[in-house]
Amino acid sequence: MKVIAVFALFVTLFCQGYSSKRLIFFVITDAEIKAVSETLYALDSNKASASELIIEAQALVPNSQTGSQTDLSSQPLFRYLDEETLFSRPTYVALLAVLDNYQRMTGQAEDFSPEQLAEQEAFVKETMSNTELGRELFAFLYTKGVYASEEEFIQDLKMMWFGLYSRNNNKMDSSGFEHIFAGEVKGGKVSGFHNWIQFYLLEKRGQLNYYSHSFNGPWTTYPDVMGMQFMWGGYFKQVGSAVIGCSPEFDFAIYSLCYITRPGKQCRLSLGGKELIIQTYTWDKSFYGDGKKFIGSAFPATPRN
């Protein structure tokens with residue numbers, strides 16, 4: 001009966017003019033998302049190894065204390081990173097080229113040069129077209145009828161992630177990529193900021209001070225997941241969750257997978273047999289293409305107590 005009901009709903013919505021992309025929730029199951037996320041996890045050959053990345057998690061605080069703005073760490077979160085090895089890999093090179101293209105304050109319009117726009121496109125193609133992991137994500141979405149070609153897939157990711165919209169003062173000041181990967185400041189506090197490489201770079205430069213963490217995932221190797229409290233140039237982040245030690249393509253792929261299949265909802269992944277919940281948000285105030293929504297945010301959800 002459930003199958004009949006879902007089919008009837010599909011037909012009804014289709015007849016009302018809904019596109020196939022708006023019906024993804026009904027045709028891609030949680031089990032399928034978990035299965036493909038396990039495949040992506042296994043294909044993350046560019047992730048950091050235990051010898052390439054060493055972190056010092058230090059103080060663990062309860063949820064009730066994440067807003068105390070108390071520095072409980074005696075040293076940086078990142079004790080060691082083998083930059084020579086990791087940062088020479090093409091997807092890391094592509095990410096580093098894009099990360100420094102943003103100004104963090106909302107309300108100030110972003111203005112990209114032709115070179116910076118080319119860097120955005122290079123990042124999408126390098127991570128999604130030139131890695132086995134990215135090609136696997138496309139193959140999954142292609143078989144589900146979400147995209148008809150790789151060209152359509154790449155173009156949609158470019159708009160979804162890098163298309164500009166306004167978070168403050170009617171300025172074209174933000175995008176899903178800037179919010180999630182680079183981080184922003186809005187209303188006197190850090191907004192977004194869910195990428196470990198950006199965290200490492202700013203901490204290394206002395207621009208970010210790690211305070212504590214409120215959760216640490218069950219993984220004993222990388223990727224792992226943490227929820228961090230930190231100060232970024234005078235602005236505080238109460239819980240900045242991120243997948244730690246993964247490759248840029250893995251980060252980009254799982255957030256894209258979850259946003260495309262579960263926009264504005266919780267998305268349940270499976271990594272090495274352990275569940276990871278990604279929360280996504282849509283940006284509902286402006287659109288691209290035929291009414292499609294930009295990414296508002298995506299991040300590892302705080303585990304329930």
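In which loop does Asn169 lie? In this predicted model, with residues numbered from 1 along each chain as its sequence is written, local features need pLDDT of at least 70, side-chain atom pairs count only at pLDDT 80 or more, and totals for chains, interfaces and linings use all residues. Side-chain values use heavy atoms, with hydrogens and water left out. Asn169 lies in the loop between α8 (150–162) and α9 (176–182), where helices (H or I, at least four residues) and strands (E, at least two) are DSSP runs numbered from the N terminus.

The pLDDT, the predictor's confidence in each residue from 0 to 100, averages 92 over the chain, and 91% of the residues score at least 70. Over residues 1–25 the pLDDT stays under 50, and the model has 22 contacts beyond four places in sequence for this segment; contact means heavy atoms within 4.5 Å. Where pLDDT is low, the predicted coordinates should not be read in detail.

Asn170 is found in the loop between α8 and α9. Relative accessible area, computed with a 1.4 Å probe on protein chains only, defines buried as under 20%, exposed as over 50% and partly exposed as in between. Asn169 is exposed because its relative accessible area is 54%, and Asn170 is exposed because the value there is 76%.

Thr106 is placed in the loop between α5 (90–99) and α6 (114–128). Thr106 counts as buried because its relative accessibility is 10%. Neighbours within four places in sequence aside, the contacts of Thr106 are Arg167, Asn168, Asp173, Glu184, Val185 and Lys186.

A cis peptide bond, with omega of about 0°, joins Tyr222 and Pro223. Most peptide bonds are trans. Pro223 is found in the loop between β5 (208–216) and β6 (224–232), and this proline is buried because its relative accessible area is 1%. When residues up to four places away in sequence are not counted, Pro223 touches Tyr41, Asp44, Lys47, Val243, Ile244, Cys246 and Phe250. Pro223 and Gln198 are 25 residues apart in sequence, and their C-alpha atoms are 16 Å apart in space.

Strands β8 (residues 266–271) and β9 (residues 274–288) run antiparallel and are joined by six bridges; strands pair if DSSP finds at least two bridges between them. Leu269 has Leu276 of β9 as its bridge partner. The two strands form a hairpin with two residues between them, and Gly272 in the turn has a positive phi of about 60°.

Strand β9 also contributes to a pocket, as do β4 (189–191), β7 (235–244) and β10 (292–300), each supplying at least two residues of the lining of the second largest pocket. The volume of this pocket is about 400 Å³. Among its 20 lining residues, Lys189, Val190, Ser191, Gly192 and Lys237 are the closest to its centre. On a 1 Å grid over the protein atoms alone, a pocket is an open set of points where a 1.4 Å probe fits, with protein on both sides within 12 Å along at least five of seven lines, and lining residues have an atom within 4 Å of a point. With five residues, β7 gives the most to the lining.

Key
Grid points are joined across faces, edges and corners, and a volume is the space filled by probe spheres set on the points.
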